[in-house]
There are 2 protein chains.
Amino acid sequence: MKWSKSHIYTVKETPADAEIPSHQLMVRGGYIKKVSQGIFTYGPLILRSIRKFENIVREELNKRGCVEILMPVVHPRELWEESHRWTEMGKNLLKFKNRTYQEFCLGATHEEVVTDYVRRDVKSYRDLPVNLYQIQTKYRDEIRPRFGLLRGREFIMKDAYSFDRDSDGAIKSYKLMYEAYSAIFKRLGVKFVSVKADSGNIGGKMSEEFHILADAGEDALLVSESGDFAANVEVCPAIDAAMVSTSSAEMLPKEKFATPGQKTIADLAKFTKVDASGLVKTLFFTATEEGATEIKPICVLLRGSDELNPIKLKNLLGLSNSPLMLNDEEVRRVCGANPGSCGPVNLKIPIYMDSGAQGLKNFIAGANEDGFHLKNVNIDRDFKVTQVADLRLAHEGDRNPSGEGFLKSFRGIEVGHIFYLGSKYSKAMQANYLSEKGESTPIEMGCYGIGVSRTVQAVIEQCHDKDGIIWPTSIAPFHVHMSVLDPQDEAVATMANGLYEQLNAVGIECLMDDREERPGVKFKDADLLGMPYRLVIGKRGLQSNEIELVVRRTKEVLKLNPGLVIAKIKEHLQSDLH
Amino acid sequence: MKWSKSHIYTVKETPADAEIPSHQLMVRGGYIKKVSQGIFTYGPLILRSIRKFENIVREELNKRGCVEILMPVVHPRELWEESHRWTEMGKNLLKFKNRTYQEFCLGATHEEVVTDYVRRDVKSYRDLPVNLYQIQTKYRDEIRPRFGLLRGREFIMKDAYSFDRDSDGAIKSYKLMYEAYSAIFKRLGVKFVSVKADSGNIGGKMSEEFHILADAGEDALLVSESGDFAANVEVCPAIDAAMVSTSSAEMLPKEKFATPGQKTIADLAKFTKVDASGLVKTLFFTATEEGATEIKPICVLLRGSDELNPIKLKNLLGLSNSPLMLNDEEVRRVCGANPGSCGPVNLKIPIYMDSGAQGLKNFIAGANEDGFHLKNVNIDRDFKVTQVADLRLAHEGDRNPSGEGFLKSFRGIEVGHIFYLGSKYSKAMQANYLSEKGESTPIEMGCYGIGVSRTVQAVIEQCHDKDGIIWPTSIAPFHVHMSVLDPQDEAVATMANGLYEQLNAVGIECLMDDREERPGVKFKDADLLGMPYRLVIGKRGLQSNEIELVVRRTKEVLKLNPGLVIAKIKEHLQSDLH
């Protein structure tokens, strides 16, 4: 492809709304252009990367017997009512009426549509198993889209769905997809990890996420030192590094004291000179689903040094989405004081306590009176706990929940997610088959997603330097960036065009920068766009019969005889891709 | 691909809502499944055809310097307001609000988004020309979806947009796209024709449609006997075969007569014993855009034997959409009688007369009094005509408007449409460039669509027989359908599997029917699905060392030595594709 004919424009200014390097680089490289919040046009270069990644996905899935279909973007309400997700999905599901007042939504996932597709044909056990997938545009009405393609509203996704006779079959399908995903991300050529994960509102029994590691990743991951355990912090059990045994201290008399203006745990720790881990944090939530008309207040207690894990609370309460915190007005109604002076004593609502806090004695908590706290508060004597449970966020240094040693923390970008669903959808939607014994049996399902557009940006988030993107060869828009320094010079033009033709002829993809620009501009753009190999063809080099080959990742420079260029690049590409 | 592992299910019953053969065959072959009115899931086989066609399109466009991008499905209102199409497009544009009450629509076409994309980068004449295209899902809120993929709501389209410095450049781009489209449909291997067409509400100066010919096609096409002229009936000038000269008869006195119960032209012709071509048909429309609060009534007069061409009327009145007919109540208010007794005499509204009617003298028209008509009505004496214009539908037998001879009629399915737009969008959206003289100049645009999913069904509508589809090799899901008659027999299984591997190895795509079904079922399904070549491998044949090769189109049967099968199929495919 020749730059001058391809509508490629790099941008000098870093856009104000691009907070992380990959988003900045995508915009500066002209790879994407924002059309609306979280909605983008993919330019000619990024589309090539997306298509390459799609093909890697396709090859690995086809190899494992998955069958590609294509389902629609617009779904009728009726199907989503069958699974109850029309309401369960909340406002992330974008709903609308068409001109004849029928209700539809934009497909955020396709469990309903694919289950309907399969139930129409599958009659007997002989029709199973089957695994259907698609690569399709999806839409989720994110309340706050950000980070470019990482949290967009419209995005490209690969979603696969397995249908099996029984749990054994379903687990086999799940494991095959785990293998496929590992192969896919390995072929990408980036650092990734798979972790235990929450099933969210997809529902299901087993679930693992695939993350591309990157410092700016949205997800916190905890991996054991030995590598035998890895989990998203969302579901990671929290076990204190040193087991805190219940204090044997005597219970002291409870005492109220003034804490004027002390609103946060940090304030209070400083004011009382007690470490935050000896204070108790009191939080209030409603145990109802989003959109409920009434609130059902509950209280959560944690050590002051810990953070609540909302997913653990959601799962404990059996909700579809993370519970909402009460607002100040609601808190005052429940405990008589503003947040900052609340505590468990005399509350009339269920109290859930994190297991890390259960060993505390004679601790400090809010007095439920503005500007006052209580000291020497004690469980059972001063208040009753409804349930003790693991509710805090795990963190680096916690104990490995499945073996020896401790946890280390990483940040990752979730790019794949696999779920063993069981029969949630097949039961709700009557997707049954006749077993060998002639019994009508719900199909066992799994679902498997890869954020295609998201992956491409996640790769950039891992693979870049201060000058720009460093594409892995697997999904680089082009293998080679040819910077033609003096395009008007006849010898240069002849050499450049000849080499360009030769590269194309042997299947090496080349972006030829044939613009009338200064060398500095061309080099900057080449670094920014980040193709793995750069060829520099200029008048001066050709005078000594040399072409420069620059390796983007290492910045290594090779001065080559023009006749050797193709062989050298071939050698590099072969070693990159195998 | 092996049938038993691919979730392919043919259907015995013809679905009630499938009115034309291609729709019936698509459903019966399990190619598509309806999800909602005009919304389908594409099964594994049809997806292969769609992808093959997409690749033909891509190759021909890339070859001509077009650049592929991908624009979003969801568009913000603001862009569509700039072009005024937010309202102009009427109810075909599906609009909705997101969770934060911003307004969006589903992309029905992408002129706005692409013009916005281009105007951000194009600064000077050096940045032009450029031609950008995408292959993307589109949505139009068709009021009455029917005919499967031919008039769906959600569909796959290739849309390209050219941007040029001036009219000469734009016409060059337009012609290049005409050439690309001709090459694309030629490679499909079906009968097609390109015709002059209306620009609809896209707006523009030049426009041609590409049609795949088929008896059930929605469009009527008129082609001159010599082939020098072809037009969609929508825009075809109507010239009477025999020029009707103005009658020299004396004007007779106007006379009212009773015509009780005579409501249609056919009734009246029978009742009065005057040929329909000597009667005058009076129609009423409102010269306002869809959604207007007031009506602006106008009257249209035609010979009783002619039909109005609503596109010609729309263009005459300068409207964006075809004008709406007045309802009975509105007609009564305008002329004092019900439709069936209306006429031009004493009307107080503009009267447009088709040029075919202007030669009439002493004709019969409604009396604007229920149950009465007038005879000996005459133009000028009895009523004034606001404008005489070509308003009737042309038909077979009319004179060729651009040369000798007469018009023949065909039916076609519109699969491609090219437009020279001019500066409609660039002016409305300030997409300008600095000319060589330093003047800010609006970009000259063209737009070019191919209905990708539509084309695939149109091919079936042309290429089928009573038994099923007859795929052209170009986009057949598979080249070869292998019917394995005795899959349990060891010799058969060995031969079938061996041949299957060999076919795959040389790039011949094979669908292997490895199901445990009777030969009759397998043959019926093979005919229905319609791959170009069928191999029949059975016990009996192998005993005489023979495999049957059946050509789907001709039903020709060749009995081949197994060793010769691949060479024979290769030979066929090569001749099909070159």
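This is a predicted model: local features need pLDDT of at least 70, side-chain atom pairs count only at pLDDT 80 or more; totals for chains, interfaces and linings use all residues.
In chain B, three strands form an open sheet in the order β13-β18-β17, and their pairing is antiparallel. The strands at the edges are β13 (255–258) and β17 (363–369) of chain B; each has a single partner strand, so one side of each is left without a neighbour in the sheet. From one strand to the next, the twist averages 35 degrees. Strands of a sheet pair through backbone hydrogen bonds, either parallel or antiparallel. Between β17(B) and strand β18 (residues 372–377) of chain B, the antiparallel pairing runs over 4 bridges. One residue pair can be picked out here: Gly366(B) has His373(B), in β18(B), as its bridge partner.

With strand β8 (residues 154–164) of chain B, in contrast, β7(B) runs antiparallel, and 10 bridges join the two. Here Gln136(B) has Met157(B) of β8(B) as its bridge partner. Strand β7(B) is also mostly covered, as 8 of its 10 residues are buried.

The same surface serves both copies, since 100% of the contact residues of chain B recur in chain A.

The contact between the chains takes 41 residues from chain B and 41 residues from chain A. On the side of chain B that touches chain A, the elements giving two or more residues are β1 (32–36), β2 (39–42), α2 (44–63), β3 (67–68), β4 (74–76), α5 (111–119) and β7 (130–139) of chain B. By class, the residues on this side of chain B are 23 nonpolar, 9 polar and 9 charged. Helix α2 of chain B includes Asn62(B). Although Asn62(B) and Tyr133(B) are 71 residues apart along the chain, their C-alpha atoms are separated by 9.6 Å.

The overall build can be followed in chain A, which has 15 helices and 30 strands. Its C-alpha trace spans about 95 × 70 × 55 Å along the principal axes. Of the 578 residues in chain A, 46% count as buried. Among contacts in chain A with a separation of 6 or more, 72% come from residues 24 or more positions apart.

Chain A is divided into domain 1 (49–71 + 108–237 + 408–461), domain 2 (255–389) and domain 3 (472–577). The centres of domain 1 and domain 3 of chain A, taken over C-alpha atoms, are separated by 39 Å. Their contact takes 10 residues from domain 1 of chain A and 6 residues from domain 3 of chain A. On the domain 1 side, two or more residues come from each of α2 (44–63), α6 (167–188) and α11 (452–462) of chain A. The largest share of this side, 4 residues, comes from α2(A). This side of domain 1 has 6 nonpolar, 2 polar and 2 charged residues.

Some details of the backbone also deserve a look. In chain A, the peptide bond joining Leu128(A) and Pro129(A) is cis, with omega about 0 degrees, and Pro129(A) lies in the loop between α5 (111–119) and β7 (130–139). In chain B, the peptide bond from Leu128(B) to Pro129(B) is cis, with omega near 0 degrees; Pro129(B) is found in the loop between α5 and β7 of chain B.

Positive phi values in residues other than glycine include that of His84(B), near 70 degrees. His84(B) lies in the loop between α3 (77–82) and α4 (85–88) of chain B and is partly exposed, with 13 other C-beta atoms within 10 Å. For Asn545(B), also a residue other than glycine, phi is positive and near 55 degrees. Asn545(B) is placed in the loop between α14 (539–543) and β29 (547–551) of chain B, and with 11 C-beta neighbours inside 10 Å it counts as exposed.

Notes. Residues are numbered from 1 along each chain as its sequence is written. Chains are lettered from A and ligands numbered from 1 in the order in which they are written. Two strands pair if DSSP finds at least two bridges between them. Axes are lines fitted to C-alpha atoms, for helices over the stretch in contact, and angles run from 0 to 180 degrees between N-to-C directions. Two residues are in contact if their C-beta atoms, placed from the backbone, lie within 7 Å. Ala, Val, Leu, Ile, Met, Phe, Trp, Tyr, Cys and Pro count as nonpolar, Asp, Glu, Lys and Arg as charged, and the others, Gly among them, as polar. A residue is buried if 20 or more other C-beta atoms lie within 10 Å of its own, exposed if 12 or fewer, and partly exposed in between; C-beta atoms are placed from the backbone. Domain bounds come from an automatic or database domain assignment.
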